[in-house]
Each structure stands twice: as C-alpha cells, then as structure tokens.
Amino acid sequence: GVAVVRIVWLRVEFSHLPEDASQEVIEQFARAYALSLIGGVLFPDRSGSTVHLQYLLLIEDWERAGGFAWGAAVLSYLSREMGRSTLHITHTGTSLAGELGGWVALLQFWVWERFPHLAPRDSETRAHPRGLRWLSASSRQYGDQLFQYKLLFDAMDTVVWQPYRERALHLRGSVIQSETFRAIVPLICFSSVMWHHPDRVLQQFGMRQHEPHQPHPESEVRFFLRQATRGPSRGQQLVHASKESLDFWNRRHEFVATSSYTDEELAYHSEHMEWYRDVTRRSGTRRGAVAEALYDTIEHAEVSLRDGGRAGGLTPDQCEDLANFMAP
C-alpha cells in the first residue's frame, strides 16, 4: 500500500511536548509538526487528510532542508494536480474530474490578486501578511457558478500583472529583477516534473511581452504519458527524467527569459496580441464570442480608417460611411 499517515494522528500524538524532553524528542516533535504542515498546507493530497511519508526524507537533516527549493516544489505539485483534475479518466480508469490537491489557497490568492473582478469584496488592503486581507472579506455568490465565472472572464478588461510591485521594490533582491524567477526550467517535486514558462507572462516582471518559446519537448503531456507506462522500464524512465530535470534546474541561470522593460500596455495590434488571438480561444460563452467578434471588427475598422482603407480593402466612400457610423 501507499506509505501515508493521517494528519489528525500527527497533531494528536505530538500535541504536547514534555517539559523534560531530550533533544532527540524535540526534533521528533518538530518533524511531526513540519510533516503536518507539509501534508496540510504545502502538498495536501486530494483527501486533505493524509500525508505521504516520502516527505520525511526532506526534513531528516534540518540544514539541508533549508536549502531545498520548496517554492518550486509547491508550484510543481499544484500544477500537476490542476492538470490531473481536468482528466476525466486516468490510466487506471479512475475519474479525477473536480478533485484538486495541492495548495489551493495559494491558487485562490493568485487569482484574486490579479483578477479584481473575481475577488471578494471589502478586503483589507493593508493587511500583513498580505494573505490576511481576504480573511474577513465577503465572498461573491452566484447561482450557476461556472457559467457566471465564464461571463466574468469574457467581460474582463483588467489584469493586475504586478500586484506586489510597490512592496517588492523595497525588498532586497526584488522578484521583479531576479533572474531566478524568470528561468525556463523544470519545477521538481519527487516524480512530479512541471515546466515553468515565465516567457509566457513577461508582463508580470515589467517586461515587454513577445511570442513565447515553444513548449519544451519534455512537456507536461509527455510526463503524464510516461507516468502511465507500465513494466520494468518505468522506473528507469523516471530516474532518467529526474536526472535530466535536475541538470536543467542546476543550470537555470542559462535559461532566463528576458525582454526590454516597459510600463506600456500591449497594444491590440502588437505582434504578441496578433499571435495570441490566433492561438487562443478567448471566450467561454456564446455571448462573449459575439462581443469579441464585434470588438475585433471595430478595431480592424479603426486601422482601416487610419490608413485610408488600404488594410481592409475599403473604398474612400466606405471609409467615410464607417467613420460616420463610429462617430460618438
């Protein structure tokens, strides 16, 4: 069976440290507490009630534990769980649709910080730590939640790319400038290897967005397929992939996404936006698709008016009619 322990058992059995506890017992209690945090906050499974004992290997040596890339591992695990939750049927025949493990609160805070129209109302903007700002906020209630959220995304006109910019500017080694956060590398958490693609969101680093690189050949999809492999070669495949991924991670300074810094928003007809519209499904509802088509028509019409109709193949009379139609 799977080597797991119940988080409730950890919290009950190691709740009271004896006053005359030896150093060995103190460390045992500390590891039990750390293990409960790992299973209850950082890497919760879909049940939310157990934690895998593999994580004990990471806290056996406290000095080494402090040097691990815990943040990268958390993102890798959460990304894998998000991918799995969209799979209707796994290779074992089990449905995972709607089930999600990982640090879901982190995902929730990420969404609320960057998409204000989805966030709860009446948040405390000066709370510290920052996550506490949502503690007493009133949530939005919808009937058909999925459809309503689709409508909200279709109507979205604002993305806060740098919600922490003011605070980050006061920190040493700002995340805005740090190359580590812009490295195109695999994020590793045991057998979970998910690629980090900051080149797709350079705006969150205050940089001009360009067309992203193609996904690495060892992509998330291939990793899922490799996990499904059965037979004696599966272990060897995982070991080989882990070594390759660790090599990329150790050389992360060689794979840093970069661009010029800018405060300008992406223009509708910028090279990146033209590429984005070509490869992206931009609406989740029929209503949103109609609105997108109308907006695209107006934008292209404005370009035609600016260049005298050449881009749209319009005659001077058609340009004049269009200008009168679009006049306020």
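**View 1. Ser 36, tucked away in a predicted model.** Ser 36 counts as buried because its relative accessibility is 4% (buried means under 20% relative accessible area, exposed over 50%, partly exposed in between, with a 1.4 Å probe and protein chains only). This is a predicted model, so local features need pLDDT of at least 70 and side-chain atom pairs count only at pLDDT 80 or more, while totals for chains, interfaces and linings use all residues. Numbering runs from 1 along each chain as its sequence is written, and side-chain values use heavy atoms, with hydrogens and water left out. A polar atom of the Ser 36 side chain sits 2.6 Å from the backbone oxygen of Tyr 33. Setting aside neighbours within four places in sequence, Ser 36 has contacts with Ile 7, Leu 10, Arg 11 and Val 41 (contact means heavy atoms within 4.5 Å).

View 2. Ser 36 belongs to α2, residues 23-42 (helices are DSSP runs of H or I with at least four residues, strands are E runs with at least two, numbered from the N terminus). The end C-alpha atoms of α2 are 26 Å apart, which agrees with the 28 Å that its 20 residues should span at 1.5 Å a residue (the expected span is 1.5 Å times one less than the number of residues). Among the buried residues of α2 are Phe 29, Leu 35, Ser 36 and Ile 38. Their packing partners are β1 (4-6), α1 (7-13), β2 (50-52), α3 (62-65) and α4 (70-85).

**View 3. The largest nonpolar core.** This core has 15 residues, and Leu 10, Leu 35, Ile 38, Phe 43, Val 51, Tyr 55 and Cys 189 have the most contacts inside it (a nonpolar core is a set of buried Ala, Val, Leu, Ile, Met, Phe, Trp, Tyr and Cys residues joined through side-chain atoms within 4.5 Å). Two or more residues each come from α1, α2 and α4, and α2 gives the most, with four. Not counting residues up to four places away in sequence, Tyr 55 touches Leu 35, Ile 38, Phe 43, Tyr 77, Cys 189 and Phe 190.

View 4. Ile 184, Phe 205, Met 207 and Ala 257 are included in a second, separate core of seven residues. Over residues 219-230, pLDDT stays under 50 (pLDDT is the predictor's confidence in each residue, from 0 to 100). The chain's mean pLDDT is 79.

Key: Polar contact = N/O pair within 3.5 Å; in protein donor to acceptor, adjacent residues only side chain to side chain.
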